[in-house]
Amino acid sequence: MGEAIVITSGKGGVGKTTTSANLGTALALQGKKVCLIDTDIGLRNLDVILGLENRIIYDLVDVVEERCKVHQALVKDKRFEDRLFLLPAAQTTDKSAVNPEQMKKLVLELKQDYDYVLIDCPAGIEQGFKNAISGADRAIVVTTPEISAVRDADRIIGLLEAEEGLEPPKLIINRIRSGMMESGETLDVNEITTHLSIDLLGIVMDDQNVISASNKGEPVVMDPTNPAAIGYRNIARRILGESVPLMTMEKSKAGFFGKIKNMFGK
Amino acid sequence: MTKSQLITIKGTKDGLVLRLDDHCAFSDLLSELKEKVQSSVLEGVSEVQLHLGHRYCDEKDMNKIQSVIHTSPHLRVSKVHSDVISLKECERKLIEKQSETYIGIVRSGQVVKADGDLVIIGDVNQSAQVIAGGSIYVLGRVKGIAHAGAQGNKDAVIAASWLEATHLKIADKIEIMTDELTVLSEQPEMECAYLQKNGQIAIDRLQELRYLRPDLATFKGGI
């Protein structure tokens with residue numbers, strides 16, 4: 001019996017889908033059997049980021065309405081043999097096509113066959129959010145060091161804490177620009193964690209390659225040298241129960257020396 | 001002679017004490033009071049304390065008694081003692097005295113309400129609300145909205161380990177902390193907000209609370 005983890009944020013555009021794709025890939029790289037579910041019905045993206053768009057035949061709505069079997073709708077990522085699958089969202093309808101009971105049943109079914117079921121939650125706190133969290137055992141809240149994102153994360157954490165049967169949510173701070181954080185232009189990691197007062201699961205640096213990799217359909221985590229990829233890999237290891245030290249200070253120092261190097265380089 | 005027993009007058013160093021009989025009809029009491037007041041021979045202004053005993057007087061009855069006494073320019077009611085209150089008033093007082101405790105963080109969008117006092121052990125985050133009929137005490141940071149004395153209790157206060165709320169409300173007054181930074185720079189640690197006599201919400205150090213609202217303390221006296 002596997003574990004279902006919902007990845008949510010409240011605010012849009014903070015990197016839920018990117019995080020889902022990268023964590024799923026990272027867990028598959030660690031040898032786990034992973035199923036990703038895109039619950040953003042009507043605005044699906046996860047398939048694109050994983051580069052699986054053209055292989056979709058059935059989708060989430062087809063499954064819950066029993067037009068097909070679950071295994072027929074799952075799209076296999078061939079890069080990982082039998083370890084990474086995607087259940088895509090439907091694009092032609094909207095969030096109301098699925099209800100929380102159906103999602104619960106579906107996730108329970110998938111948990112039998114997979115080590116991890118990662119549920120990519122849509123933005124907002126409405127039906128789509130309720131669907132996404134209904135089957136989850138754990139929740140990961142993604143935020144960025146912006147006040148607006150932190151405010152929405154706070155709201156979401158409140159809703160998650162009120163949900164029964166869900167473990168206390170964990171936090172990922174995404175898109176950290178070490179320079180801005182050091183100069184105090186954005187909230188720092190400490191401020192965010194004290195404000196939200198939930199456990200920090202990990203931090204991910206802002207990196208251009210995340211976008212280009214997403215455009216190519218290859219999650220950035222496949223590149224082991226990329227700083228964002230290291231962040232995602234560390235988070236995956238923490239999900240697996242390893243204790244991996246936080247890379248904040250090291251990373252920012254490296255960034256600082258890197259800058260000096262660059263200056264001399266010129 | 002029997003009639004004169006309804007009201008007994010005693011002179012003390014604090015003025016006159018009028019003990020009103022609590023068994024007779026109210027109209028009899030009033031008419032005798034009228035008599036006594038008119039027949040009184042006094043100079044200057046004397047303070048009068050009313051002792052109602054077990055008679056329950058609502059506001060209307062009280063006004064009648066007072067207006068009778070105030071027909072004499074030499075008398076002024078300073079205090080009213082009564083051994084009874086209505087059940088409704090009693091319930092209201094009980095509820096206001098009650099204290100409810102919330103442990104945890106009040107997060108954005110959440111509302112925590114209490115009829116009486118409210119104790120929050122944890123933070124009140126931005127755009128979260130805490131509302132109480134009585135006072136609000138927060139062992140943590142108030143960064144959202146706090147409304148004390150929601151039913152109109154002007155003596156209610158908001159006390160917190162860290163008071164940097166965006167909105168403070170006491171009874172029907174609202175104070176908007178337009179510039180959070182100015183509040184921050186003034187050391188928001190261990191502060192309390194209260195309603196001044198002029199109707200403005202003021203913020204002071206927590207230590208001042210015992211002088212500002214001595215009635216909030218339930219421990220009286222001491223060794």
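The model described here is a predicted one.

Helix 10 of chain A spans residues 208-216, and its buried residues are A:Val210, A:Ala213 and A:Ser214. Because these residues cover an arc of only 100° around the axis, they lie on the same side of helix 10 of chain A. The other side of this helix carries the exposed residues A:Gln208, A:Ile211, A:Ser212, A:Asn215 and A:Lys216. After helix 10 of chain A comes A:Gly217, a residue with a positive phi, near 80°.

Turning to chain B, the domain assignment divides the chain into domain 1 (3-81) and domain 2 (90-216). The centres of domain 1 and domain 2 of chain B, taken over C-alpha atoms, are separated by 42 Å.

An open sheet of chain B is built from six strands in the order 5-7-9-11-14-15, with mixed pairing. Strand 5 (99-103) and strand 15 (201-205) of chain B stand at the edges, and since each has a single partner strand, one side of each is left without a neighbour in the sheet. On average, and with direction ignored, neighbouring strands of this sheet are turned by 25° against each other. Within chain B, strand 11 (residues 158-163) pairs with strand 14 (residues 189-195) in the antiparallel sense, over four bridges, and B:Ala160 stands opposite B:Glu191 of strand 14.

B:Gln5 is placed in the segment before strand 1 (7-12) of chain B. This residue counts as exposed because it has 10 C-beta neighbours inside 10 Å, where the cut-off for an exposed residue is 12 or fewer. Although B:Gln5 and B:Glu32 are 27 residues apart in sequence, their C-alpha atoms are 9.6 Å apart in space.

The two chains also meet, in a contact that takes eight residues from chain B and seven residues from chain A.

Definitions and conventions
Residues numbered from 1 in each chain as written. Chains lettered and ligands numbered in written order. Predicted model: local features only at pLDDT ≥ 70, side-chain atom pairs only at ≥ 80, totals over all residues. Pairing = 2+ DSSP bridges. Helix = DSSP H or I, 4+ residues; strand = E, 2+ residues; numbered from the N terminus. Axes fitted to C-alpha atoms, helices over the stretch in contact; angles between N-to-C directions. Buried ≥ 20, exposed ≤ 12 C-beta atoms within 10 Å, placed from the backbone. Arc of directions from axis to C-beta. Domains from an automatic or database assignment.
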